[in-house]
Structure formats: C-alpha cells, structure tokens
Amino acid sequence: MSKIKIAELFYSVQGEGRYMGVPSVFLRVFGCNFKCAGFGMPRGELSNEADNIDATKYTEYKSLPLVSTGCDSYASWDPRFKHLSPVLSSDSIADAIMATLPHKTWKDEHLVITGGEPLLGWQRSYPDLLDNLKMFGLKEITFETNGTQALSAEFKKYLQEWSRWYHREITFSVSAKLPCSGEKWEDAICPEVVVDYQSVGTTYLKFVVANEQDVADAECAVGAYRAAGFTGHVYLMPVGGVESVYVLNNKNVALEAMKRGWRYSDRLQVPLFKNEWGT
Ligand code: SF4
C-alpha cells in the first residue's frame, strides 16, 4: 500500500481561485522544490522569518507561528519541521479524509491536493489513495501546484481515466512563481509543463502580486505561457499571509486584473480565518 508524508489534512472552504467558497478537504503533502523566501520582501531580498523559528519547540502544526514574509506554508517543506508530518498509508489517509467530512460521506465537497509542491514524488502514491473505496464519491480534485513538475506518463493516464467516469473533474491551479517569490524565472516559469496539464483537466494560472512590477512580470509570464499553447484563465491574487499585509493591496490587485481582462482571486482564508493553520 502506498504511503504519503502528510503535513496537514483539514476541512475548510477553498479560499482561492476557481473553487473559492466550495467546501473542501485539503491534503497538504510534504516537500517542495522551492523556498519562495522573497514574498513580502523588497525586491532582491530574502526573508529569514521562518528560519528564526525554533522547530524543536513545536509538537503540532497548529501551534506554529504564522509568518508575514516568505512562504506561508514553510512547515510543509522545511526539513526542520518534518517531525510534524507523519507518513501515512493511503488507507489511513482515506479514513482521515472521511472523518473530516460533515456527513462522513462525499456530498458536494472537493479535494484539494496541495503542499509544498504536490506533484513531486507523490504522483506515484495518489492512484492508490484515489482508488480506495472510501474515495469513490469524490467528484472534483484540484492540484495546487507551482507548475514546474511534469506529470509522469503513468499518472497522466491514470488521471485521464479517473476523470472519464461519473462526471469527475480535475483542475490544476498553477501558482507560477514570479521574481517577487525570490525564485529564478528559468526555474519557475515552465510553459510546456503547464500546457501538458491541459490534456488532463482545467488548468489556470494564478499569480501572487504585490505591486506594479509584479503585475508586469505576470504579463510577461502569461505571454510565454500563451506562446506555448496555454489557453486557460489567468488570476491575480494579492500577496499576504496575514491580514495587515493582505488588505493593503487587494483592491489594487482587483483593479489591475480588471484592466487586463483577467480574473481576481481573493484569499478568503485571510479575512475569514486569519490564515490560521488548518484553514
Ligand atoms: S512553491 Fe508554494 S509551498 Fe513551495 S515554497 Fe513556494 S509558496 Fe511555499
């Protein structure tokens, strides 16, 4: 039976993108190929906010401090926090997912597989989880990915088969990382990888932006994705893991999205739940 290292598993409403407001189970898997230490920092500077957290003091996820700079889910990939993420069998994960559902059976809930970066090595393990009988009533899945990891031929075929049955739907919410993340353009903007997701499901781009330079970078990235054959929607979303940062620019981001005929994505988890762990 396959196993996956799980950073968080919780039930909430999706706060971002296409499924905003939809009741959702979030499966946050461990591991990421990026650090995104540039978020919330002046251009060219990297945050050390999470580096200064003493991981040995914490025994559970929900007591970890929130950060206002860098990756807001740092504990889902930083090895110093790996003791908080158990390795669970697909059967245990399916049981835990069912336990979070209000009716203990699938109704209109959707599954979000997020991270970290969920399309790293765990691609091999998802079929075992999704084939579990308890997961049978699930109709919609979103992979929240940074868009750098190609689907393996086996997993792509599996997902195409999965969505062919019972009106099931797969979405790739691609949060491509712009230079404001601190990651290098050539590592982060991978148009061919993202275009390939379109052969499996609905694929859209979601850019986290804080200022005009970020929006200009998003335009440049969209040009590269379109040139490679990307046909999906584009969302702009304000930066801000904490409310004080988020409210500074959400209206401006909406206006910038409107100017370009792009979509605005809120981050409902910030005003609703203050972006606490497990939301
Ligand atoms: S890609 Fe996502 S999870 Fe990974 S470091 Fe960046 S913001 Fe964090």
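Author: What follows is a set of questions about the terms, each answered by setting a value against its definition. This is a predicted model, in which local features need pLDDT of at least 70 and side-chain atom pairs count only at pLDDT 80 or more, while totals for chains, interfaces and linings use all residues. Residues are numbered from 1 along each chain as its sequence is written, and side-chain values use heavy atoms, with hydrogens and water left out.

Reader: Why is Arg18 called partly exposed?

Author: Buried means under 20% relative accessible area and exposed over 50%, with partly exposed in between, using a 1.4 Å probe and protein chains only. Arg18 has a relative accessible area of 33%, and is therefore partly exposed. Arg18 lies in the loop between E1 and E2, strands being DSSP runs of E with at least two residues and helices runs of H or I with at least four, numbered from the N terminus.

Reader: What makes strand E2 largely enclosed by the rest of the structure?

Author: Strand E2, residues 23–29, has seven residues, and six of them are buried, so the strand is largely enclosed by the rest of the structure.

Reader: How do you know that E2 pairs with E1 and with E4?

Author: Two strands pair if DSSP finds at least two bridges between them. Strand E1 (residues 3–13) and E2 have seven bridges, in the antiparallel sense, and Glu8 has Arg28 of E2 as its bridge partner. E2 and strand E4 (residues 110–114) have five bridges, in the parallel sense, and there Arg28 stands opposite Thr114.

Reader: What puts the buried residues of H6 on the same side?

Author: The buried residues of H6 are Asp214, Val215, Asp217, Ala218, Ala221, Val222 and Tyr225. They cover an arc of only 155° around the axis, which puts them on the same side of H6; the arc is that of the directions from the helix axis to the C-beta atoms. On the other side of H6, Glu212 and Ala227 are exposed.
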